[in-house]
Structure formats: structure tokens, C-alpha cells
Amino acid sequence: MGPTRTFPAAPAARPPWGRALVTGGAGFLGSHLCERLTGLGVAVDCVDNLSTGRARNIAPLAARPGFRFLEHDLTRPDSVAALPGPYDLVLHCACPAAPADCRRLPLETLDAGSAGTRHALAVAHRDRARLLLASASAVYGDPLVSPQREDYPGDVDPVGPDSARAEAHRFAEALVTAHVAAHGTDAGIVRLFGTYGPRMRADDGRPVPALVARALAGAPVTLAGDGRRTHCLCYVDDVVDGVLLLAASRSVRPVNLGGTDAVTEAELARRVIELTGSTSRVLCTGAADGGPRHHLPDTGLVRELFGWAPVTGWEEGLRRTVDHCTGPSLDGGPVPGPYAEIVAGSAAGPGPGC
């Protein structure tokens with residue numbers, strides 16, 4: 001792994017950026033980053049082609065000073081010219097991250113990891129901006145070691161059912177590393193594990209939104225195997241904290257970010273049913289789902305360099321997520337400003353969600 005250069009993060013009250021570009025900004029994580037940055041007084045350009053993101057996620061930000069939504073596909077050849085900036089920060093999240101999306105859109109996923117990342121890097125290099133790539137635990141594939149440290153190369157099948165997801169993120173990381181070496185671009189990589197919270201789509205293939213959706217529908221909650229498969233969850237607010245710490249640093253090597261407390265799917269299902277007041281039953285299929293072995297991050301590096309650790313327990317995060325899904329935010333409501341027409345045509349996005 002390459003060298004690490006770090007500087008202390010700037011105080012939250014005075015972020016070191018005037019204008020930021022958030023690619024994939026209408027998605028789950030991207031929209032939370034846009035919300036936090038605008039709340040800190042940073043002007044934000046949110047770019048998204050709405051293939052997996054939803055305009056509804058960023059509609060409440062339309063009235064905030066300095067916020068702009070640009071509906072654009074970052075893989076297009078004209079992307080650098082279409083994003084005039086200048087920017088101080090580029091948070092690159094424009095790649096499908098959910099397993100279901102990557103399986104549904106494999107070519108688009110690979111294009112986002114390659115051409116999309118190259119264009120984001122070109123924008124950052126042009127403006128001498130800091131770029132942070134939002135990568136994923138998928139780069140470790142079906143890991144043979146646990147927990148996974150940043151120097152573990154992974155065990156990835158390049159032609160398997162989840163190859164598009166894994167290889168898109170791995171290639172994006174390789175591009176960032178090459179750009180830093182060839183051009184001196186100020187860029188870093190964060191590998192995210194088990195992020196969850198409000199605005200996840202129920203059909204994206206991740207456990208928390210799927211369980212909540214089934215419970216709210218009163219449908220049986222079906223778990224693969226015996227329900228003992230574990231997940232390490234990290235609430236989105238904690239992830240945003242960590243991402244902005246890394247963005248404000250000069251770290252150039254990949255850094256894991258995630259929770260380290262494992263919870264079984266059976267525990268998750270029982271708690272979701274309690275929180276929703278559902279009558280759903282938990283059913284175990286007894287058959288494995290063929291997914292990768294347990295992804296568990298070694299977060300020693302981010303703790304040592306930045307003092308970051310999640311502060312929201314999985315049960316509290318789950319309660320907040322369920323509260324959002326069952327609250328008035330689900331009713332759609334009137335959408336103000338220039339987003340009304342966009343939301344009317346695409347608020348539901350590629351599937352139901354909360």
C-alpha cells in the first residue's frame with residue numbers, strides 16, 4: 001500500500017470547502033452528504049442521472065443557498081465540460097452500490113467505475129480539488145480472512161454473479177491510485193461497510209430496507225439459511241462524519257469505514273418486527289443464499305489516524321430508520337421549487353423505498 005499523509009480535519013463549524021461536487025448525489029449516501037454539506041454552508045452541485053437515485057431524496061435541498069441539481073450521466077464524454085465548477089471538493093459516489101442494482105445494471109455499473117471515475121478525477125485535477133472515492137467492501141470479494149484490513153487484496157471472482165459490483169469498485173480504486181501517481185491529484189479512497197439508514201430503497205438487495213418493507217407489508221420475513229448470517233451495520237450519520245473527516249485530510253491510501261459489531265439477520269428481523277408493530281412471521285429457508293462470506297471491517301486505521309468510531313448503535317439506527325419509513329416523509333407531499341416536475345416523473349425511482 002502507498003504512503004499515508006494526513007492532516008487534522010477542519011472543525012465542522014468552518015468546513016474548508018467553498019463549493020463541492022457530489023456525484024451520485026441523489027442516491028442514498030449522496031443525498032445525505034449533500035444535506036450535511038449544505039447545512040455547513042458549503043455550496044453543492046449534485047450530479048445524478050437518476051438511474052438508481054431519486055429526485056425526491058434531494059428535493060428538500062432545492063431551497064438551500066448554493067445547492068444545484070444537475071441531471072447528467074457522468075460516463076458521457078462531455079462530463080468535464082458539463083461540470084464547470086470550480087470545486088474545492090469532489091465526493092465521487094456515482095456508481096451503483098446496492099447488489100440488486102449492480103446485477104440489474106452490470107454494464108452501467110462497470111461504466112460508472114471506469115469512465116465515470118476518470119471524468120470525476122479529471123474535474124478534480126482541473127480545479128486542484130480534493131477527491132474522495134466512495135468505494136465498498138465488495139472489493140474484498142468473498143474474503144478468506146476476517147476482519148478485512150486495507151492491505152488484504154481480497155478474493156474476487158471476475159466472472160461471478162457479483163463481478164460487476166466488485167470489479168467496478170476495484171477498477172475505480174486503481175484509477176484513483178494511478179491518477180495520484182501520474183498527475184499528483186489530491187485524491188483518497190474510503191471503503192464503506194454496511195451503511196444503512198433513511199432513504200434506502202426497499203428493492204436494493206440490502207438487508208435493512210428489505211426487512212423493513214416486508215414487516216410494514218405484514219408479509220413473512222424470509223431469511224436465507226438459519227438466520228445466523230451476520231452483518232456489520234453503520235448508521236449513515238456516522239458514515240457521513242467519517243467521509244468528511246477523510247475528505248478534509250490528505251490521506252491517499254484506502255481506509256475502511258464501518259461498524260464492527262455483528263448482528264444476525266434473525267436479530268435484525270425480530271427487532272424490525274417489534275419496531276414496526278408488524279404481525280409478520282420470521283421464516284428461515286434452511287438454504288444458503290450464495291452470498292459472500294461475512295464482511296467485517298478492520299477499522300484500526302481510521303481510529304488511529306482520525307479518531308473516528310461510530311456512535312450510533314444498530315438498534316438506535318434501526319429505530320430512526322423505521323421512524324422515517326413510517327413517518328410523514330413517505331407520503332410524498334408537495335415538492336417545492338424546480339424539482340416538482342422531476343419528482344412527479346421519477347420520485348419513485350427504480351422501486352419502492354423509504
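Predicted model: local features only at pLDDT ≥ 70, side-chain atom pairs only at ≥ 80, totals over all residues.
A disulfide is a covalent bond between the sulfur atoms of two cysteines. Cys-34 takes part in no such pairing, as the nearest cysteine sulfur, belonging to Cys-46, lies 4.1 Å away, whereas a disulfide requires the two sulfur atoms to be within 2.5 Å. A further cysteine, Cys-93, has its closest cysteine sulfur in Cys-34, at 8.3 Å, and this separation is too far for a bond. Cys-93 has a relative accessibility of 16% and so also counts as buried, given that the category covers residues under 20%.

With regard to overall architecture, the protein contains 12 helices and 13 strands. Of its 354 residues, 49% count as buried. Contacts between residues at least 6 apart in sequence were also examined by their separation along the chain: 81% of them join residues at least 24 apart.

The packing of two helices was examined in detail. Helix H9 spans residues 265-276 and helix H11 spans residues 314-326. Their axes come within 10 Å of each other and cross at roughly 45°, so the two helices are classed as oblique to each other. The crossing of H9 and H11 is right-handed. On the H9 side, the contact is formed by Glu-267, Leu-268, Arg-271, Val-272, Leu-275 and Thr-276. The residues that they meet in H11 are Trp-314, Glu-315, Leu-318, Arg-319 and Val-322. By residue class, the contact of H9 with H11 comprises six nonpolar residues, four charged residues and one polar residue. The charged residues include Glu-267 and Arg-271 of H9, together with Glu-315 and Arg-319 of H11.

Helix H10, which covers residues 300-306, contains Leu-305. At a relative accessibility of 30%, Leu-305 counts as partly exposed, because this value falls between the limits of 20% for buried and 50% for exposed residues. Leu-305 was also considered in relation to Val-255. These two residues are separated by 50 residues in sequence, and their C-alpha atoms are 9.9 Å apart in space.

Note on methods:
Residues numbered from 1 in each chain as written. Heavy atoms only, no water. Axes fitted to C-alpha atoms, helices over the stretch in contact; angles between N-to-C directions. Helix = DSSP H or I, 4+ residues; strand = E, 2+ residues; numbered from the N terminus. Parallel < 35°, antiparallel > 145°, perpendicular 65-115°, else oblique. Left-handed = near helix turned anticlockwise from the far one by under 90°. Contact = heavy atoms within 4.5 Å. Buried < 20%, exposed > 50% of the residue type's maximum accessible area, 1.4 Å probe, protein only.
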